[in-house]
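This briefing is for a reader new to the structure.

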Amino acid sequence: METVALHTRLREGCEADYDRIHATIPVELDGALREAGVRSWRIWRSGRELFHLVEVEDYRAMRACLAEHPANVPWQARMALLLEVSDDYSGADPDVRLVWELP
């Protein structure tokens, strides 16, 4: 099991839309995430900054599974309208690294 932290940023003025859209994700997307090995995905928002914590069997395999998944493609297109930088699935590794944790 991997725990992966991600950071994304909303376009200015998209905060309310993002919260509203994420209040309920499509059942098909929920199933696709679980099928791809996701055990938990939590998102915190501070203004336009989004902080994700993902617990997944294999992050790279999850990304490969979801890149062209019919439930994920329209979701990513919808998110691209709200995010400052959309996810094009070209990179597999997150850029947030663990620096410290309480032992």
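Where does His-69 lie? His-69 is in the loop between H3 and H4. The model is predicted, and the points below describe what was computed from it.

- From its loop between H3 and H4, His-69 reaches with its side chain to the backbone nitrogen of Ala-71, at 3.0 Å.

**Salt bridges between separate elements**

- Arg-39 and Glu-57 also form a salt bridge through their side chains, at 3.3 Å from N to O.
- This pair links distant parts of the chain, 18 residues apart: Arg-39 is in strand E2 (residues 38-46), and Glu-57 is in the loop between strand E3 (49-56) and helix H3 (59-66).
- Arg-39 is partly exposed at 46% relative accessibility, and Glu-57 is partly exposed with a relative accessible area of 41%.
- A further salt bridge connects the side chains of Glu-55 and Arg-42, 3.6 Å from N to O.
- Glu-55 belongs to strand E3 and Arg-42 to strand E2, so their contact ties together parts that are 13 residues apart in sequence.
- Glu-55 counts as partly exposed, with 27% relative accessibility; Arg-42 counts as partly exposed too, with 38%.

**Aromatic rings**

- How many aromatic pairs does a search of the whole structure find? The search finds zero.
- The ring of Tyr-89 does have a charge over it: the charged end of Arg-63 sits there, 4.1 Å from the ring centre.

**The nonpolar surface patch**

- Which residues make a nonpolar surface patch of about 450 Å²? Val-99, Trp-100 and Leu-102 make this patch.
- Trp-100 is placed in the segment after helix H4 (72-80).
- Is Trp-100 buried or exposed? Trp-100 is exposed, because its relative accessible area is 62% and the exposed class covers values over 50%.

- Glu-12 is found in the loop between strand E1 (2-9) and helix H1 (15-22).
- With a relative accessible area of 68%, Glu-12 is exposed.
- Between Glu-12 and Glu-68 there are 56 residues of separation in sequence and 28 Å in space, taken from C-alpha to C-alpha.

How values were computed. Residues are numbered from 1 along each chain as its sequence is written. This is a predicted model: local features need pLDDT of at least 70, side-chain atom pairs count only at pLDDT 80 or more; totals for chains, interfaces and linings use all residues. Side-chain values use heavy atoms; hydrogens and water are left out. Rings of Phe, Tyr and Trp (its six-membered ring) pair if their centres lie within 6.5 Å; planes under 30 degrees apart count as stacked, over 60 as edge-to-face and the rest as tilted. A charge sits over a ring if NZ of Lys or CZ of Arg is within 6 Å of the ring centre and within 35 degrees of the ring normal. Patches are made of residues with over 30% relative accessible area and no salt bridge: like charges are joined within 9 Å, nonpolar side chains (Val, Leu, Ile, Met, Phe, Trp, Tyr) within 5 Å. Accessible areas come from the Shrake-Rupley method with a 1.4 Å probe; for residues, only the protein chains shown count as cover. A salt bridge is a side-chain nitrogen of Lys or Arg within 4 Å of a carboxyl oxygen of Asp or Glu. Helices (H or I, at least four residues) and strands (E, at least two) are DSSP runs, numbered from the N terminus. Buried means under 20% relative accessible area, exposed over 50%, partly exposed in between (1.4 Å probe, protein chains only). A polar contact is a pair of N or O atoms within 3.5 Å; within protein, one must be able to donate a hydrogen and the other to accept it, and residues adjacent in sequence count only if both atoms are side-chain atoms.
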